[in-house]
Amino acid sequence: MKNFFGKILFAVFALCMCKAWDAHAEEKFELKTIIVSVQTRSFAELERLKQSIALAPSASAVVPKGSTPSKVISQLYGIGPTNSPAAYDAIQRKIFELNGVVDEKSLKAGKIIVPDMPKLTSRTDTDLVEEKLTIAKNTSKIIAQESLGGIESGVDKTYESLIKIKEPLRRSINYLRAEILASEQAKELLKQADEVGAIYATGSEAQINLSANEVDCADINSKFLSDDEVASIQTALKDSPRNKERYLLVFDTGWPTYEDRQRSLEFLRKAFDDVRKAIQLKSTDMPVFSTTSPGAFSPPDHPHSCMIRQSMLQTRSIDAQGLIKIIYIPLRPGQIGAQDYFRELLALSQLVKAKGAEVFSRAPTANEIQLANTFASASLSSTSTLSTPWKRDQNMIAIYEPLISGLLQILNAYAKIDLNMKGGRPSVDVKFFLSTSWNFTNYTIAPELPHAFTYMVFAAAGNDGADFIVSQRLFASHALTNRQIVAVMNSDLETGYSTCSTAVFNDIWNSHYSASAVVSFPGRLSSDRESSCPGLGGGTSFSTPRLAWIAAVSELSNPTTQLSWQNEISERLVSSRSKVQGDFKAAPVSIKKLLSLK
């Protein structure tokens with residue numbers, strides 16, 4: 001059966017303006033994964049039952065002395081070897097796997113681990129057609145592994161008893177089940193689920209690092225462009241077409257100002273509305289976030305995003321018409337409107353993934369909508385990453401990854417809409433330049449970038465002085481092989497030298513890597529040379545969005561080929577960098593040269 005959601009797409013990550021770090025000093029978080037799956041208790045639907053067994057959590061059961069596993073299976077699940085030999089064998093194999101045995105003889109009397117499923121039935125979904133799937137939960141206690149009689153199963157979540165069948169589950173053959181698991185355990189579980197084609201929605205937490213804040217959300221002088229560079233950019237923008245949409249997306253600690261909040265939410269509202277209409281989703285099918293705030297605006301508790309905004313102030317005066325819109329995306333709650341945005345984002349993105357290649361060709365089914373909404377609700381209620389604000393002194397934190405990859409799913413769909421589809425609108429030329437200003441810790445599973453022609457990723461190299469290629473720092477190190485990614489180092493505004501302990505690539509000028517998009521750009525905020533570094537004195541958190549914006553100017557003013565524009569921008573950046581005498585690791589970009597390239 002088709003997996004509605006496929007593999008988790010971990011996307012759009014970069015390294016940031018953070019202090020030199022020691023991997024051994026990092027605090028390891030207990031990262032969680034949420035799985036909402038469609039399960040069945042019909043042994044007449046063997047393949048669907050196998051999918052349910054693969055995704056079922058674990059529960060504790062007892063094999064009485066003198067009894068046999070077959071009797072226990074019959075008692076727990078209401079099925080024996082004669083009812084459905086194939087279904088019985090599937091359950092028995094799962095029990096053997098959970099308990100680390102190979103046959104009945106090895107399964108001794110006492111406590112054992114079994115798949116947590118209700119009693120089975122021979123009925124099929126044609127016997128009972130329900131408009132909505134029942135949501136099932138196990139309300140029994142979670143027991144510790146040491147209480148399981150010494151069983152070394154590797155399972156970190158085991159229920160004290162099997163899930164109870166209550167109304168309306170008693171009448172249900174198929175049902176939804178939401179579970180929150182340790183990410184490592186969930187990784188193996190999802191692998192098994194993919195192998196059998198199970199239907200599920202899932203999201204995982206990721207652990208990140210960012211720099212300590214130094215200032216509040218107040219404007220400061222952060223000029224990084226000379227008068228000649230400003231003139232070149234203004235000329236480029238003046239001659240640029242007005243029928244294109246270009247966006248710089250900043251994923252960070254929140255909306256810096258009320259104006260940033262409104263501009264960001266108004267664009268997101270438009271994009272979400274267009275996608276909802278194009279995929280034939282009714283207005284009542286899914287919650288809708290509002291662009292208006294019921295209360296007064298408050299800046300983010302952690303002002304890191306405010307520092308990024310300060311680094312971009314000069315671009316606002318240059319691009320007064322907003323040809324390149326800067327959109328801020330919060331990664332934790334705390335500001336009014338954030339959680340409502342999270343809810344719709346999670347539900348809508350999962351629905352887009354669920355429909356796959358049919359995203360525009362048919363209306364979503366009631367069960368697809370319910371699964372998406374249930375996933376969003378379970379995510380918001382089950383993880384602190386979506387309920388606890390980002391505190392001011394919290395520089396190492398967990399985020400919920402689908403807030404990033406899910407938004408990419410929606411924006412990719414937004415870019416594909418045209419008049420040929422029901423509910424469509426005239427196609428738009430839209431591209432996204434993504435910049436992030438934080439890094440993954442060593443304890444986070446390596447993410448993957450989804451393939452799409454709608455965006456580029458500008459990945460900061462970091463500020464620990466290390467070789468980010470040798471240390472395989474994600475995703476800056478992927479700039480060597482992926483033309484969708486640009487790695488950005490920090491350089492001095494006047495000399496072009498590497499500065500502020502920027503991470504580097506020692507072999508940047510080796511001919512073998514001559515085509516790799518690894519470049520330097522100024523990241524200083526304050527003109528005070530005594531300012532701390534990283535911080536107001538500079539950092540790749542600031543170099544990266546600045547260069548992403550300049551790259552957007554280059555792409556907008558000098559046409560590119562639609563299906564190869566990422567390669568072309570990457571090549572322009574490589575061609576516009578230069579060597580610095582006395583610093584063989586620097587590669588500052590010349591704005592004048594960049595804007596002249598076609």
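In the predicted model, lysine 244 and aspartate 429 form a salt bridge, with their closest N and O atoms 4.0 Å apart. This pair connects distant parts of the chain. Lysine 244 lies in strand 9 (residues 244–252) and aspartate 429 in strand 12 (residues 429–436), 185 residues apart. Lysine 244 is partly exposed, at 22% relative accessible area. Aspartate 429 is also partly exposed, at 23%.

A salt bridge also joins the side chains of arginine 425 and aspartate 274, at 3.0 Å from N to O. Here too, distant parts of the chain are linked, 151 residues apart. Arginine 425 sits in the loop between helix 11 (402–416) and strand 12, and aspartate 274 in helix 6 (residues 258–278). Both partners fall under the 20% cut-off for burial, so arginine 425 counts as buried at 14% and aspartate 274 at 18%.

Arginine 362 pairs with glutamate 358 in a further salt bridge, the closest N and O atoms being 2.9 Å apart. Shared partners join Lys244, Arg246, Asp429, Lys431 and Glu555 into one network of salt bridges. The structure holds 23 salt bridges.

Strand 16 (residues 518–522) is mostly covered, with five of its five residues buried. Side chains in a regular strand alternate between the two faces of the sheet. Val518, Ser520 and Pro522 are buried on one side, Val519 and Phe521 on the other. Strand 16 pairs in the parallel sense with strand 15 (residues 485–491) over five bridges. Valine 518 is the bridge partner of alanine 487.

Overall, the protein has 14 helices and 16 strands. Of its 598 residues, 59% count as buried.

Note on methods
Residues are numbered from 1 along each chain as its sequence is written. This is a predicted model: local features need pLDDT of at least 70, side-chain atom pairs count only at pLDDT 80 or more; totals for chains, interfaces and linings use all residues. Side-chain values use heavy atoms; hydrogens and water are left out. Buried means under 20% relative accessible area, exposed over 50%, partly exposed in between (1.4 Å probe, protein chains only). Helices (H or I, at least four residues) and strands (E, at least two) are DSSP runs, numbered from the N terminus. Two strands pair if DSSP finds at least two bridges between them.
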